[in-house]
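User: Please take a close look at one part of this model, the packing of its helices. Work through it residue by residue where that helps.

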Amino acid sequence: MFESFFPRPGRFFGSALGWAILCVVLWFASASGWGEALSLGGLAGYGYPGTLVDGGNESAAAAHAAATDAAQTFWLWQYMIAAYVAFVAFWMIAVPHRWGRWSVAGSALIIFVTWFQVQLDVMINEWFGEFYDLIQVALAGDSELSAADYYGTLFTFLKIAMVFIFVAVLNNFFVSHYVFRWRTAMNDRYMAMWPRIRTIEGASQRVQEDTMRFARIMETLGTRFIDSIMTLIAFTPILWGLSSFVGELPIIGAVPQALVFTAFIWAATGTTILALAGIRLPGLEFRNQRVEAAYRKELVLGEDAPDRAAPPTVQELYANVRKNYFRLYLNYLYFDIARFGYLQAGVMVPYIALGPTVIAAGFTLGVMQQIIRAFSRVEDSFQFLVHNWSTIVELMSIYKRLKAFEQTIAGQELTGIELEPETRPA
């Protein structure tokens, strides 16, 4: 599954994580200060401003701070691009691979673009704060809001949103091609061994259907996972800073960084509940494919052999299908009760957490909108397993089947659920 597409998968993913941690540590340790000497921002109009003269007015100080922030942000993007290029170049040169351009460079591009999308989402979150503060002031009648200011603010949102949509569409297009190449890599690997593996039970289904489903799920689940990690990295510091507006929580009282604390505890609680409620689902999905395969195989054999697919045999095989599906439906019943109940209750969690602060008028409407939106982003990231548990169960089932297929190809002994005999008529 992975060796066919990635060069030395274990080392590749381990080195990617290690390199990311190293680059983050280096940035905060010293690299963030290298910008004035190394940044190319001056060529694009994002150069570092000169030293601010003492005694300048407030507007000059604000302009200087804004220019410095813009230059530092531009330098951060340069630093990130250099880190990505260095990692990709090392693996492309040191460990050449047939699919290296897609697996190494493509993976880096997807992660980089996802981070860019998350940063656009951060900009939209800041826009919501400014916009609702503007609305609050206008409705209170404390100042006059001109049509130019109002529609100008809306146009700012439109510009950010259009960039987001453009990048998202192109990224989704690229990801679709990326995962199809991954499927092609698996397919090519299996077809190269086809004369040897064609006699393995269910080989055709593993090569065609399971690789197709694996690629389809990875297209959605993989991108969601990367987006959740990036969103968590980007929005947790924002929620951490906004927690300064929240002095206490209902019942609990004063809690440091109350919003981050609430999001983490609520997400951890939901993940634990749903993991327990759905603990049997991967095994049931796996068995479901086995009984379906046995039923389908008998029907296929009956197309050419009149003595196969006789009514008693087919009825017994279909009874096995029915039994497993009904067991699956029952397990999904209490799993869905837990899942939907938890998600609906979660809608009210940030409003309950903000209750004491709202009653005490501890922030403006704009700040409240920023908090609600940032809380939702962090909570959703923490709840990746909650939102995608059904898809994860399906992926685990496919992984089990392909793993058993790979073990059979390698002549290894199957263990656990993979060792269970396929359901057959007596």
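**Helix packing and selected residues**

Trp389 has a relative accessible area of 13% and is buried (under 20% relative accessible area is buried, over 50% exposed, in between partly exposed, with a 1.4 Å probe and protein chains only). The model is predicted, with local features requiring pLDDT of at least 70 and side-chain atom pairs counted only at pLDDT 80 or more, while totals for chains, interfaces and linings use all residues. Residues are numbered from 1 along each chain as its sequence is written, and side-chain values use heavy atoms, with hydrogens and water left out.

Trp389 sits in helix H14, residues 384-409 (helices are DSSP runs of H or I with at least four residues, strands runs of E with at least two, numbered from the N terminus). Apart from neighbours within four places in sequence, Trp389 is in contact with Leu274, Ala275, Gly278, Leu281 and Phe335 (contact means heavy atoms within 4.5 Å). Ala234 lies 155 residues from Trp389 along the chain, and their C-alpha atoms are separated by 24 Å.

H14 also packs with H7, at an angle of about 150° and with the axes 9 Å apart (axes are lines fitted to C-alpha atoms, for helices over the stretch in contact, and angles run from 0 to 180 degrees between N-to-C directions). The crossing of H7 with H14 is left-handed (the near helix is turned anticlockwise from the far one by less than a right angle; clockwise would be right-handed). The contact of H7 with H14 consists of 13 nonpolar, three polar and seven charged residues (Ala, Val, Leu, Ile, Met, Phe, Trp, Tyr, Cys and Pro count as nonpolar, Asp, Glu, Lys and Arg as charged, the others, Gly among them, as polar).

Within H7, which covers residues 203-242, lies Ser228. Ser228 is buried at 11% relative accessibility. Residues up to four places away in sequence aside, Ser228 touches Ser381 and Phe384. In the loop between H7 and helix H8 (258-277) is Gln257. Gln257 is not a glycine, yet its phi is positive, near 50°; at 25% relative accessibility, this residue is partly exposed. Another positive phi in a residue that is not a glycine, about 45°, belongs to Arg8, in the segment before helix H1 (9-29).

The crossing of H3 and H4 is right-handed. On the H3 side the contact includes Trp77, Tyr84 and Trp91, and on the H4 side it includes Arg101, Phe112 and Trp115. By class, the contact of H3 with H4 has 14 nonpolar, two polar and one charged residue.

The contact of H4 with H13 divides into six nonpolar, six polar and five charged residues.

Thr153 is in helix H5, residues 147-192, and is buried at 17% relative accessibility. Residues up to four places away in sequence aside, Thr153 touches Trp127, Phe131 and Leu134. Arg290 is in helix H9, residues 281-304, and is buried with a relative accessible area of 19%. Arg290 and Thr364 are 74 residues apart in sequence, with 58 Å between their C-alpha atoms.

The record can be set beside this. An unreviewed UniProt entry places "transmembrane region" at residues 12-30, 76-95, 102-118, 160-180, 225-246, 258-279 and 348-368 (positions are in the numbering used here, feature names are shortened, and annotations may be inferred rather than shown by experiment). In the model, residues 160-180 are 100% helix and 0% strand, with end C-alpha atoms 30 Å apart. Residues 258-279 are 91% helix and 0% strand, with end C-alpha atoms 31 Å apart.
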